[in-house]
Structure formats: structure tokens, C-alpha cells
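Reader: Please take me through the terms used for this model, and set each value against its cut-off.

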Amino acid sequence: NLSSWDIDQMLSESNEYDHGVNTFSPEGRIYQIEYAIQAIKLGSTAIGIKTNEGVVLAAERRLPSPLMIPSSLEKVMEIDGHVGCVLSGLVADARTLVDHARVETQNHRFTFNESMTVKSIAQSISDLAINFGEGDGSKRKPMARPYGVSLLIAGIDKNGPALFQTDPSGNYMDWTARAIGPASEGAQSFLQENYFSTITMEEAEKLALKTLKAVMEEKIKKDNVELCSVRLPSKKFEIHDSEYVQRILSTLNQQKTLFPCLKANSHKK
């Protein structure tokens with residue numbers, strides 16, 4: 001049996017590695033990054049679905065009070081005319097990353113006279129996300145801790161529709177359908193069961209809202225969810241208003257199943 005001294009010694013060693021944002025533990029872990037990833041689960045659930053026609057993003061709005069104006073809770077952000085994102089985690093951290101991405105896209109357009117690809121935008125955000133720590137005195141670090149936010153970045157570029165996820169570890173991944181946030185596990189399973197490769201934009205919008213409806217604690221309404229999309233041929237990122245969302249929710253309430261065509265297309269996953 002471990003004595004109280006042994007336990008105190010183990011806890012003190014663990015706390016030592018907890019406090020260092022640039023220090024690996026003996027197991028090869030950086031605890032501060034893991035804690036930042038846990039902070040994402042304190043946010044709200046967000047969904048991204050890529051189709052052959054474009055990309056759909058949807059996000060839950062968690063209103064702390066009925067007196068709060070829903071539009072003031074920002075979960076969707078435009079990065080450039082052809083790309084935007086939804087977030088889960090700390091909104092202030094997301095603003096810092098998105099502002100950086102906006103500057104990068106405008107610099108790229110000014111320098112090369114073309115739109116920045118979605119992959120390059122995701123890489124630029126991830127480069128900033130991993131650039132944290134105390135610094136070495138020669139260069140100021142933009143953040144003394146990891147960014148506690150994950151982004152789903154959607155857009156259309158010369159390579160077609162694209163959906164990328166970033167996280168506090170500096171990784172960025174390409175997805176066809178992805179859920180982030182506190183209910184991400186259940187939402188991701190729902191997407192895996194219902195997504196198919198030939199899904200249309202209209203079906204993707206319904207699937208995104210249906211997924212949120214399945215995992216949200218509160219009843220889904222037009223004021224506690226946001227929906228946006230970017231589609232061909234316009235390649236323009238568009239944030240839809242609450243009336244647009246309400247029309248889709250009305251069709252979901254009228255349907256006993258998700259879509260009439262889902263079962264028929266299930267073999268195309």
C-alpha cells in the first residue's frame with residue numbers, strides 16, 4: 001500500500017507537468033493541450049457536412065438567459081467570401097484565430113490575386129494554435145496557453161468543396177461529415193448512420209439540424225441554432241436567417257423519418 005507521503009509525491013510530480021505548457025510528461029503527454037481539448041466540451045455542439053454541391057455548417061446556441069438576445073451569441077464566423085467556420089469552445093479564442101485567418105486570406109488575395117484554399121486557411125490557423133508558450137525572449141508569443149477552441153472550416157476553392165477541423169493540438173483534418181462539442185460522440189454516430197456520398201445540400205441541411213435535434217438538451221428552435229452554407233456555383237459563404245431555419249425545422253416535424261431517400265441510398269455510404 002502507498003503511504004500518504006508517496007501519494008503526495010506523485011501528486012506533486014503530476015502538478016509539475018500540469019503547469020508547464022511546453023513540458024512533456026514522462027508518458028509523452030502535454031497536459032495543457034489535453035485540458036484545452038476538454039474545454040471544447042464546455043462549449044456547444046456544431047456540425048459540418050460536405051456534399052458534391054457545397055458544405056453545410058450548423059451550431060447550437062446555448063442561451064444562458066431567456067433575456068439574452070440570441071443574435072449576440074456568435075457561433076458562426078465568416079473568414080472570407082468563400083469560406084467560414086463554426087466553433088465549439090471559448091469564443092474569445094475563436095475570434096483571435098479567425099481574425100488571424102482573415103488577415104491571411106486578404107494578404108494572399110493581394111499578393112497572388114486569387115482566393116486562399118480552405119486547406120491553407122486551416123493550416124494557417126493550426127500554425128497559430130500551436131504557437132503558444134512563454135517564449136524565449138526574442139519573440140513575443142501571441143498566447144501563453146493553448147487555444148481552448150475547435151473550428152469546423154467550410155468553403156469552396158479551386159479543388160471543390162472542403163471541410164476541415166482544427167483543434168488545440170495544432171492538428172487539422174479533412175472530413176466529409178464531422179461533429180464537435182460536448183455531444184460530439186453521439187452526433188458523430190448519428191452522422192455515420194445517416195450520411196451518404198450522394199447527399200444533396202437540402203438533405204445535408206436537414207441532416208445537420210436533425211443531428212442537433214437528436215443531441216441537444218433543449219428543444220430545437222429557430223433561435224437556439226445557427227445554419228450556414230457555401231454552395232456551387234456561387235461559392236459564396238452565406239449565414240441563413242432564423243426564418244430559413246424555421247422552414248427546415250417545420251419539414252422535419254412533418255416527417256416521421258429523416259428523409260424518404262435515406263434508406264434507399266444507405267448502400268451508397
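**Strands and rings**

Author: Strand 5 and strand 6 form a hairpin, with two residues between them. This is a predicted model, in which local features need pLDDT of at least 70 and side-chain atom pairs count only at pLDDT 80 or more, while totals for chains, interfaces and linings use all residues. Residues are numbered from 1 along each chain as its sequence is written, and side-chain values use heavy atoms, with hydrogens and water left out.

Reader: What makes strand 5 and strand 6 a pair?

Author: Strands are DSSP runs of E with at least two residues, numbered from the N terminus. Two of them pair if DSSP finds at least two bridges between them. Strand 5 is joined to strand 6 (residues 160–166) by seven bridges, and the two run antiparallel. Strand 4 (residues 83–89) also pairs with strand 5 in the antiparallel sense, over seven bridges. Gly155 stands opposite Val83 and has Ala162 as its bridge partner in strand 6.

Reader: Why is Phe164 called buried, and what does Tyr172 count as?

Author: Buried means under 20% relative accessible area, exposed over 50%, and partly exposed in between (1.4 Å probe, protein chains only). Phe164 has 7%, so Phe164 is buried. Tyr172 has 27%, so Tyr172 counts as partly exposed.

Reader: How many aromatic pairs does the structure hold, and why is the pair of Phe164 and Tyr172 called tilted?

Author: The structure holds two aromatic pairs. The ring centres of Phe164 and Tyr172 are 6.2 Å apart and the planes stand at 50°, so this pair is tilted. Rings of Phe, Tyr and Trp (its six-membered ring) pair if their centres lie within 6.5 Å; planes under 30 degrees apart count as stacked, over 60 as edge-to-face and the rest as tilted.

Conventions
Helices (H or I, at least four residues) and strands (E, at least two) are DSSP runs, numbered from the N terminus.
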